[in-house]
Amino acid sequence: MSDLRIRRATLSDIDTVLRFWRDAAEGTSISDDHDGVARLITRDPEALLLAERDGLLTGTVIAGFDGWRCSAYRLAVHPDHRRQGIATALLEAAEQRFAALGGRRVDAMVLEVNEQAHRTWAATGYRREDHWRRWVKPL
């Protein structure tokens, strides 16, 4: 993995990230647009982590921390680059960020139907908590 570079996203990466998510991420979010990602990067410039190999975007994770809870979103690896340790490297970088900020536990949002993702999260030490449910209300 020495040729893998993990860095924070900048505003100039937004269009590339949005195209990447269409190919590599499962599901969509109401925030999957230029303004949504720009707000994230502007509010928390360290939150959106990108994995690159030879200048090519191969993976992403949003490592958000609100001062109370560490949250991982949009862990995505391009299908052509899966099973090469990229998700693990991204999660390690996110966890290092969380630890430096004083975080104590990571909550990850994972689509129920994405069984491949379930295996990835489990392999990196995460476990499912069935007693919680997510409640949402679009604004």
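In this predicted model, Ile62 of strand S3 has Tyr73 as its bridge partner in strand S4, within a pairing of S3 and S4 that is antiparallel and extends over 6 bridges. The two strands form a hairpin with 4 residues between them, and in the turn Gly67 adopts a positive phi of about 95°. On its other pairing, S4 is joined to S5 in the parallel sense over 3 bridges, and here Ser71 stands opposite Asp107 of S5.

Strand S4 is mostly covered, with 6 of its 8 residues buried. Ser71, which is placed in this strand, has a relative accessibility of 12% and therefore counts as buried, the limit being under 20%. When residues up to four places away in sequence are left aside, Ser71 touches Ile62, Ala63, Gly64, Phe98 and Asp107; of these, Asp107 is also the residue that Ser71 faces in S5. Arg74 is likewise found in strand S4, and with a relative accessible area of 16% Arg74 is buried as well. The backbone of Arg74 has a positive phi of about 55°, although the residue is not a glycine. Most residues other than glycine have a negative phi.

A positive phi of about 55° is also computed for Asp54, again a residue that is not a glycine. Asp54 lies in the loop between S2 and S3, and its relative accessibility of 73% places it in the exposed class, for which the limit is over 50%.

Ala38, a residue of helix H2, counts as buried at 15% relative accessibility. Apart from residues up to four places away in sequence, Ala38 touches Leu11 and Ile14. By contrast, the C-alpha atoms of Ala38 and Gly85, residues that are 47 positions apart along the chain, are separated by 28 Å.

Taken as a whole, the protein chain comprises 4 helices and 5 strands, which follow the pattern β-α-α-β-β-β-α-β-α when read along the sequence. The radius of gyration is 14 Å, close to the 14 Å given by the globule rule for 139 residues, so the protein chain is as compact as a globular protein of that length. Along the principal axes, the C-alpha atoms fill a box of roughly 40 × 35 × 30 Å. Among the contacts with a separation of 6 or more, 65% are accounted for by residues 24 or more positions apart. Of the 139 residues, 39% count as buried, and the protein chain exposes about 9,400 Å², of which carbon and sulfur atoms supply 50%.

Confidence in the prediction, expressed as pLDDT, has a mean of 90 for the protein chain, and 99% of the residues reach 70 or more. Among the elements of the chain, confidence is highest in strand S2 (residues 48-53), at a mean of 97, and lowest in helix H4 (residues 115-123), at a mean of 82.

Terms used: Residues are numbered from 1 along each chain as its sequence is written. This is a predicted model: local features need pLDDT of at least 70, side-chain atom pairs count only at pLDDT 80 or more; totals for chains, interfaces and linings use all residues. Side-chain values use heavy atoms; hydrogens and water are left out. pLDDT is the predictor's confidence in each residue, from 0 to 100. The radius of gyration is taken over C-alpha atoms; the globule rule is 2.2 Å times the number of residues to the power 0.38. Buried means under 20% relative accessible area, exposed over 50%, partly exposed in between (1.4 Å probe, protein chains only). Contact means heavy atoms within 4.5 Å. Accessible areas come from the Shrake-Rupley method with a 1.4 Å probe; for residues, only the protein chains shown count as cover. Two strands pair if DSSP finds at least two bridges between them.
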